[in-house]
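Student: I have a model open on my screen, and I would like to learn how to read it. Could we go through it together?
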Amino acid sequence: MRKRNSVIRLSFSYLTLIILAVCALYPSIWVVVSSFRPGGSLYSKNFWPETWTLDHYEKLFTGTQYTFGVWYANTFKIAIFTMIFSVLLMTLSMYALSRFRFRGRQTMLTIMLILGMFPSFMSMIAIYIILLQLNLLDTHFAMILVYSAGAALGGFIVKGYFDTIPRSLDESARIDGATHLQVFLKIMLPLSKPILTFVALTSFTGVWGDFIFARLVLRSKDNYTVAVGMYELIASQTNSNFTLFAAGCVIIAIPITILFLFLQRFLVQGLTAGAMKG
Amino acid sequence: MKRHRNIAALLSVALQGLGQLYNRQWLKGIIFLCVHAFGLYYLVPRLGNAIWGLVTLGETTQKFVRVGKGTQLIKGDHSIFLMLEGIITILVLLVFLLIYALNVYDAYQNGKKRDEGKGVPKFADSWNHATVKHFPYFMLFIPVIGVLFFTIMPILFSIMLAFTNYSAPNNIPPANLVDWVGFQSFIDLLQMKSWSKTFYGLLFWTIIWAVLATVTCYFGGILVALLVESKGIRFKKLWRTIFIIPYAIPQLISLLVMRNLFNAKFGPINQYFAYFGLDGLPWLTDPFWAKVTLIVVNMWIGIPVSMLLAMGVLTAIPRDLYEAAEVDGATSFQKFKIITMPYLLFATAPILITQFAGNINNFNVIYLMTGGGPPKGEYQFAGSTDLLVTWLFNLTLVNNKYNMSAAIGILIFIIIASISIFSFRRTKSFKEEDMLS
């Protein structure tokens, strides 16, 4: 009797899991399939196309109207630099805030917390005017600058993780004559690999996904990031460009998704550590 | 003997670096002198103008003057540039004064060392001292400057905008001047009928949205995690990987895809409905169904994160708790009710608050799915699914009602800040100084 119950329970669980999995995967599969479908329209009679084509991928990179390759390279460049600078600024400042007790520390943490509560768009107009004054509009440098400048504010996760690393480790290294910088490089960084991976990954992918600020700053088509390009592509004529858009989605999403799945272990650790510690 | 310390300090008050030179710290003195020279060079021509600009926001508008046959444009004051330059100059002044104070303090301390008969440290020594003892300040210098100029200053600027009449169509520089108007924007927003109707309507929907979005994702995630981790389920890792995929795809992409998926005319969802002989639903164009769609799509995006978190907690529950319960003869349902659930809820409760605050400002889902639509006639520049943030965004970039959007930003801040303070006081983490320690 008991065994039969558990069989029923298990099959019910599996059924739910399968339904959920279909829901989770369906949009992605649909987009991948659409990207191989001939013609441009969103509407199609069948889920599986009768013939498959690589035209849209080809058009993305060779077409004159949408210079996808250029956008891709732009985004990659901005994302890499943003990632490097953000991680650098974030870890350095959070190391200081986690390990040292100095005057003004409490104030700084409180200010960080308060600044995080303002809607981020509030600062947009001012940043726009500053960039205008500095003659930096429509440049990638401006994007990297603004993305990295605010990075330290998102560092609570890193600080939370640093806090969990026992202080006795760095104290003993200090006694052995290591400088603060050596302690940071040789002890803290290697021990905080999960959180560094997490932060690096999120700041890298953040650039791929942000189109609000990018659209505000980048004006000429040659300077677009993929986010701006894709938005323009789909926002103008939904039904006639859809397959092209789908192909673009696939090309953007595949590397990032693989990166995420590949670094899954770090992701879970980073997310949990950060969230639990606030 | 207090001779040296007083002279050094006084000299440093008179001119940065002079006290250091008096203390025979040549390199340091020269560095301070350079800072001083640069500061004066920057500040002197600007400071008076900055204060005038901040107080008056400009006095003359641009006008056309007849020159011979044609007309010539005489540039007037640009209130917004004046305001921004004013803030920047004041911030630079503050940084300058801070360095000034440090310089006087340093001269005094080294003078004291001389009074006490100790030698003053050489430059290399002070450099070492500074990088060891004041190490955190060195580490924080660049991030702080970045945050100061690209976060704090813009926010200050926006807060000030809320107290001006900077809005289309009558007060847009350079054609017109902008003036300080005190709390007028807030009064309009809360009391003038056309604005207040939109504001309260959107506030109501924002709160409903934040509650629903948070609760559905949170419990959805916990349920999925429990299901995957429950006894007898095989291929746990595979299931987990499948359920992470929505989180791994960049949000911009998945939202734009969803928008097409739910397209009422051509989208596949309605096509399936038609296949089963049902009428399609106006997923994104009907006020009620648009809200439902948004919540569902948000679940699709948000559940993976909650699931990962819940899984992390589940593996951290000590096994001996379950063993003890088994010894006492607890059924699996009892174990779940007495151990698993309380543990999960307790460990993940702080996330609820951050997610709630995040959902109030959840711009992407709304903007990319419906763009605030479908439009609602009685609203001022907003549609029926607009949140306060998306309204703020549109007011800024589309309608140029800068003062109103700044006022809304401040109100959003007040809402989020009070929720956070209220909950931090109640959660244990605040007392255990997790957050601010």
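Student: At what angle do helix α3 of chain A and helix α6 of chain B pack?

Tutor: Some ground rules come before the answer. This is a predicted model, where local features need pLDDT of at least 70, side-chain atom pairs count only at pLDDT 80 or more, and totals for chains, interfaces and linings use all residues. Residues are numbered from 1 along each chain as its sequence is written, while chains are lettered from A and ligands numbered from 1 in the order in which they are written.

Tutor: Helices (H or I, at least four residues) and strands (E, at least two) are DSSP runs, numbered from the N terminus. Axes are lines fitted to C-alpha atoms, for helices over the stretch in contact, and angles run from 0 to 180 degrees between N-to-C directions. Here α3 (residues 68–99) of chain A meets α6 (residues 135–161) of chain B at about 130°, with axes 8 Å apart. That makes α3(A) oblique to α6(B) (under 35 degrees is roughly parallel, over 145 roughly antiparallel, 65 to 115 roughly perpendicular, and the rest oblique).

Student: Which residues of α3(A) and α6(B) meet?

Tutor: Two residues are in contact if their C-beta atoms, placed from the backbone, lie within 7 Å. On the α3(A) side, they include A:Leu89, A:Leu92 and A:Tyr95, and on the α6(B) side B:Met139, B:Leu140 and B:Ile142 are among them. The residues of this contact divide into 9 nonpolar, 2 polar and no charged (Ala, Val, Leu, Ile, Met, Phe, Trp, Tyr, Cys and Pro count as nonpolar, Asp, Glu, Lys and Arg as charged, and the others, Gly among them, as polar).

Student: How many residues does each chain give to the whole contact?

Tutor: Chain A gives 69 residues and chain B gives 73. Helix α1 (residues 2–35) of chain A gives the most to the chain A side, with 13 residues. That side has 49 nonpolar, 19 polar and 1 charged.

Student: Is helix α6 of chain A largely enclosed or open?

Tutor: A residue is buried if 20 or more other C-beta atoms lie within 10 Å of its own, exposed if 12 or fewer, and partly exposed in between, with C-beta atoms placed from the backbone. In α6 (residues 140–149) of chain A, 8 of the 10 residues are buried, so this helix is largely enclosed by the rest of the structure. Among the buried ones are A:Met143, A:Ile144 and A:Tyr147. Their cover includes α3 and α5 (124–133) of chain A, together with α6 of chain B.

Student: What share of chain B is buried?

Tutor: Of its 437 residues, 37% count as buried. Chain B has 18 helices and 2 strands.
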